[in-house]
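Open the structure in your viewer and keep the selection tool ready. We will go from stop to stop.

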Amino acid sequence: MEWWKDAVIYQIYPRSFQDSNGDGIGDIPGIISRLDYLAELGIGALWLCPVYQSPNADNGYDVSDYRTINPEYGTMADMERLIREARRRGIRIIMDLVINHTSTEHHWFRWGREKGSPYGDYYYWSRGDGDGGLPNNWTGFFGGDCWEFDVERCEYYLHLFGKEQADLNYHNPAVLEEVKDIMRFWLDKGVAGFRCDVINILWKDSLASSKRRAALTGLEHYLSLEGTHKILRQLRQVLDEYDAFSVGEAVFVTPSMAQDLCGRDRRELDAVLTFEHMECDQYLVKWLKRKFRPKAFFDCLIQWQQELDWNTIYLENHDQPRSIPRFGSRKYWKKSGKLLAVLLLTLRGTPFLYQGEEIGMTGFDFTRIRQVNDVESRNVNRILTNLHVPAKLRWRMIARTSRDNARTPFQWSSGPQGGFTTGRPWLGVNHNCAKVNLADQRQDPDSIWSWYRDLCALRKSSDVLRRGSFQPLEATKQVFAYRRELEGESLTMVLNFSDKPAQTGERGQLVRSNYPRRGFDGTLQPWEAVILGEGGLT
């Protein structure tokens, strides 16, 4: 049963969702306390960012024990209760599976330092280039080189991310068997599947230096290689034992590469989370931003909609800046927030809604680097400082792009700390919680939240929106129009990504508009989104 094609999946960043005990850190009991809210919104599944034991060098993406819950988040009993209580409300749980790397505090890594240990080759170790230099010229995703010298083993280890995140060596068959056992452990507890972190870079074909000159050297030795596909086909066998779902975060992929990962006949993943549409406002790397170009955004969405039978749809997650104002408008905050909701919930694919997106949360309002927690942002600031980039420019780049923009605590109310905690939050709450919060929006039938709830219900009731085909109709510098069709029925979406009015040739019976109107004559107001059905104007 492909339940995930009918569900809206809601991503939770546990550290920032809801604190239940006043320590300033969101936790599993906090999530349980909000399950009724998520059911009311119309959510079918929750993707939890990592809740495993971790020293939190990268907020859980450095796992030190896959079978233990981080005490900051609660206990295994809390986790089991979450699975039960969610299921009682018709909500499934998807775990984050981080298997490209582990924490250097994981016992595999610690025991692997010992000579003769069976864990000695669970990771990539090297003595260097023979002249006291690094093993190769690869660079990491967080900036800088990706080798760290371990004084106990007297060798370097590979880390494509932080130095606390050592890459696993899948040339050792025992590593894959360990991962299979971890998956079965959680599937036996009742989770519905996994979101797989950076899943298309598992296999490194060699540790040879790169001949490419790019921001990320070494990529050709690990990006979407056949070795990774073989690993995924073996993991699929475990998932099939439980009829479980898998979605993979896939970096630097084209539609054809994505099809190789999630094509129905491939028996690897069910879907992928890709990045090309999120790169329409940058030069080469995410830190070099440029003005958002709606036309490039539309063209990218159209290509992916047409070339994949099914995929995910998302505009926000824990690694990306908030979609308002990134793809929307500060001036038309509510209208653009509603427009983006229409885009998310009416394109073909499984929508992933990130916590706070449904109330139009915006990025952080920090004023200095010391307020930022994100390890990636701090590394980039260090690199830019060493390159003598002026402080104001450094901060501008980080403030616009830092992952902490999406990680500020959920704004439940206008009260102290936005209703997230009674203590001091681990990361600052945006001061706009006085105006942007759930409590106020639940009382307002015209709010962004009310609009999301309505659209989730519309999607659930509409076979056309859940399973219909996709047909692009218009993609200009500001207008995006497309049609969904199924068995003779259709819905047409027309979106104006602009502060200025626009004209469209599309007509039909008005089903929804984020402006108060009774019919549609082809004129779109600033940031207006309309859904049109068959029949004449009403």
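Is Phe 327 buried or exposed? Select Phe 327 and see. Its relative accessibility is 1%, so Phe 327 counts as buried. Keep in mind that this is a predicted model.

**Stop 1: the partner of Phe 327**

Phe 292 and Phe 327 form an aromatic pair. Their ring centres are 5.2 Å apart. The planes stand at 55°, and the pair is tilted. Look at where each residue sits. Phe 292 is in the loop between strand S15 (285-289) and helix H8 (294-307). Phe 327 is in the loop between helix H9 (323-326) and helix H10 (333-346). The pair therefore ties together parts that are 35 residues apart in sequence. Phe 292 has 15% relative accessibility, so Phe 292 counts as buried.

Phe 292 and Phe 327 belong to one aromatic cluster, together with Phe 297, Phe 298, Phe 470, Phe 480, Tyr 482, Phe 497 and Trp 527.

**Stop 2: another aromatic pair**

How many aromatic pairs does a search of the whole structure find? The search finds 38. Select Tyr 52 and Trp 186 for one of them. Their ring centres are 5.9 Å apart. Their planes are at 65°; an angle over 60 counts as edge-to-face, so this pair is edge-to-face. Tyr 52 lies in strand S3 (residues 52-53), and Trp 186 lies in helix H5. The pair thus ties together parts that are 134 residues apart in sequence. Both Tyr 52 and Trp 186 are buried.

**Stop 3: helices H5 and H6**

Stay with H5. Select residues 173-188 for H5 and residues 226-241 for H6. Their axes come within 10 Å and cross at roughly 25°. That angle makes H5 roughly parallel to H6. The crossing is right-handed.

Which residues of H5 meet H6? Show Leu 176, Val 179, Lys 180, Met 183, Arg 184 and Leu 187. On the H6 side, show Ile 231, Gln 234, Leu 235, Val 238, Leu 239 and Glu 241. Colour the contact by class: it has 8 nonpolar, 1 polar and 3 charged residues.

**Stop 4: Lys 189**

Move on to Lys 189, in the loop between H5 and strand S11 (193-196). At 24% relative accessibility, Lys 189 counts as partly exposed. Leaving out residues up to four places away in sequence, Lys 189 touches Met 76, Glu 80, Ile 83 and Arg 87. Try the distance tool on Lys 189 and Gly 519. They are 51 Å apart, C-alpha to C-alpha, and 330 residues apart in sequence.

**Stop 5: helices H11 and H12**

Select residues 375-386 for H11 and residues 391-401 for H12. At what angle do their axes cross? The answer is roughly 155°, and the axes come within 10 Å. H11 and H12 are therefore roughly antiparallel to each other. Their crossing is right-handed. Ser 377, Asn 381, Leu 384 and Thr 385 of H11 make the contact with Arg 394, Met 397 and Ile 398 of H12. By class, that contact has 3 nonpolar, 3 polar and 1 charged residues.

**Stop 6: Gly 356**

Finish at Gly 356, in the loop between strand S17 (350-354) and H11. Its relative accessibility is 0%, so Gly 356 counts as buried. What does Gly 356 touch? Not counting residues up to four places away in sequence, Gly 356 touches Tyr 10, Arg 322, Met 361 and Phe 410.

Notes. Residues numbered from 1 in each chain as written. Predicted model: local features only at pLDDT ≥ 70, side-chain atom pairs only at ≥ 80, totals over all residues. Heavy atoms only, no water. Axes fitted to C-alpha atoms, helices over the stretch in contact; angles between N-to-C directions. Helix = DSSP H or I, 4+ residues; strand = E, 2+ residues; numbered from the N terminus. Parallel < 35°, antiparallel > 145°, perpendicular 65-115°, else oblique. Left-handed = near helix turned anticlockwise from the far one by under 90°. Contact = heavy atoms within 4.5 Å. Nonpolar A, V, L, I, M, F, W, Y, C, P; charged D, E, K, R; others polar. Phe/Tyr/Trp six-rings, centres within 6.5 Å; stacked < 30°, edge-to-face > 60°. Buried < 20%, exposed > 50% of the residue type's maximum accessible area, 1.4 Å probe, protein only.
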